[in-house]
Amino acid sequence: MTWEEFCQYFNTEEACADALYQFKWPNGFSCARCGHHLASTIVTRRLPLYECRHCYYQSSLTSGTIMEGSRTHLRKWFMAFFLISRTECGTNAVELSRVIGVTYKTAWLILRKIRHVISEADGRSLLSGIVRVNGSVYGRPHNPSWYHHPQEHPLLIGASMDEQGEPICIKMKLVSEEYRRERLILRSAEQNFIEQHIEPRTKDVQTVTSRWSHKRFQRLLRVSAAASKWINSTFHGIGSKHLQAYLDEFCYRLNLSLQRTPIFHHLTHLCAKSEKVTYSMLKGTVTR
Ligand SMILES: [Zn+2]
């Protein structure tokens, strides 16, 4: 779908409300409290309310989604979903605020919430099958010394591979200080990555963390280089605070592309099924 097609299709608040209804209740209304399938629609507000005909519980279209409690119009949220779904580039808060006409702060918060949902989804999936893991770095790939540079962020990139050695599903995770000595990624970091991100029964796992090993998985290193390039060009230099969320976002888009799944559809569905994201939840993500 092109931007023009998107704007044509989701041209009103009602069109977005209809789409959200479909994502939220694909099999028709279901009461969040009692599970009853019939509701009366109350249209006195910007978005309709649905009142269960059995227990009279009222739910709005956005309750139980990341848009819950937001004063930003649905159409603007949908535009954000579209922009962040663009395979090659995603978006940043400056661009989003300009395109959808909200303040920078609002745009930034919308993106933070979407990234939170993406990171949570990433945490629920595990690598399996043929798994390859390689040490890499964001920030200063050409530091030739043994010492860690403050702008350098060591990470592990792991992937489920197909028989031809092509990645099917990728994860990139920063290696925290406790798991490294200067630039060296410790064995405990590999162990931690395997425990957290790889299906426990997976037999075929190989990891390489040495920077000079001839066994390095070049295919994975190219992916981490592409991620660094995207982060640099989109966010123009960032601190380590949000880096993990950007890496997760990069992997999310890439993995769906590899699996030939339409990203916008997948993301809107994910956001329609995710709980309201609170400020304290966001604080939890950034320190991870
Ligand atoms: Zn009910």
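Visitor: Which residues coordinate the zinc ion?

Guide: In this predicted model, the zinc ion is held by the SG atoms of Cys31, Cys34, Cys52 and Cys55, at 2.3 to 2.4 Å. Along the chain these donors follow the spacing C-x2-C-x17-C-x2-C.

Visitor: What does the pair of cysteine 34 and cysteine 52 tie together?

Guide: Look at where each one sits. Cysteine 34 is in the loop between helix H2 (13–24) and strand S1 (39–42), while cysteine 52 belongs to strand S2 (residues 49–52), so the pair links parts 18 residues apart in sequence.

Visitor: What is the geometry of the site of the zinc ion?

Guide: The 4 donor atoms make angles of 102 to 115°, and the site is tetrahedral.

Visitor: Is cysteine 52 buried or exposed?

Guide: Buried means under 20% relative accessible area. Cysteine 52 has 1% relative accessibility, so it counts as buried. Cysteine 34 has 36%, and therefore counts as partly exposed.

Visitor: Which UniProt annotation covers residues 12–58?

Guide: An unreviewed UniProt entry gives "domain: Transposase zinc-ribbon" for residues 12–58. In the model, that stretch is 26% helix and 19% strand, with its end C-alpha atoms 24 Å apart.

Visitor: How many residues does the largest nonpolar core have?

Guide: The general idea is that nonpolar side chains in soluble globular proteins tend to be buried together. Here the largest nonpolar core has 47 residues, and Ile66, Leu74, Phe78, Phe81, Leu96, Ile114 and Leu267 have the most contacts inside it. Several elements supply at least two residues each, including H2, S2, helix H3 (74–85) and helix H9 (263–272). H3 gives the most, with 9 residues. A second, separate core has 21 residues, among them Ile170, Val223, Trp230 and Phe250.

Visitor: What is phenylalanine 78 in contact with?

Guide: To read packing, set aside the neighbours within four places in sequence; phenylalanine 78 is then in contact with Phe6, Phe10, Cys16, Ala19, Leu20, Phe264 and Thr268.

Visitor: Where is threonine 268 found, and what does threonine 268 touch?

Guide: Threonine 268 is in helix H9. Not counting residues up to four places away in sequence, threonine 268 touches Phe23, Phe78 and Phe81. Threonine 268 has 1% relative accessibility, so it counts as buried.

Visitor: Which backbone oxygen lies 2.7 Å from a polar atom of the side chain of threonine 268?

Guide: The backbone oxygen of phenylalanine 264 lies at that distance from the side-chain polar atom of threonine 268.

Definitions and conventions: Residues are numbered from 1 along each chain as its sequence is written. This is a predicted model: local features need pLDDT of at least 70, side-chain atom pairs count only at pLDDT 80 or more; totals for chains, interfaces and linings use all residues. Side-chain values use heavy atoms; hydrogens and water are left out. UniProt positions are given in the numbering used here, feature names are shortened, and annotations may be inferred rather than shown by experiment. Helices (H or I, at least four residues) and strands (E, at least two) are DSSP runs, numbered from the N terminus. Donors are N, O and S atoms within 2.8 Å of the metal (3.2 Å for Na, K and Ca); water is not among the atoms, so sites may look incomplete. Four donors count as tetrahedral if all angles lie between 85 and 135 degrees; four count as square planar and six as octahedral if opposite donors are over 155 degrees apart and all others between 65 and 115; anything else is irregular. Buried means under 20% relative accessible area, exposed over 50%, partly exposed in between (1.4 Å probe, protein chains only). A nonpolar core is a set of buried Ala, Val, Leu, Ile, Met, Phe, Trp, Tyr and Cys residues joined through side-chain atoms within 4.5 Å. Contact means heavy atoms within 4.5 Å. A polar contact is a pair of N or O atoms within 3.5 Å; within protein, one must be able to donate a hydrogen and the other to accept it, and residues adjacent in sequence count only if both atoms are side-chain atoms.
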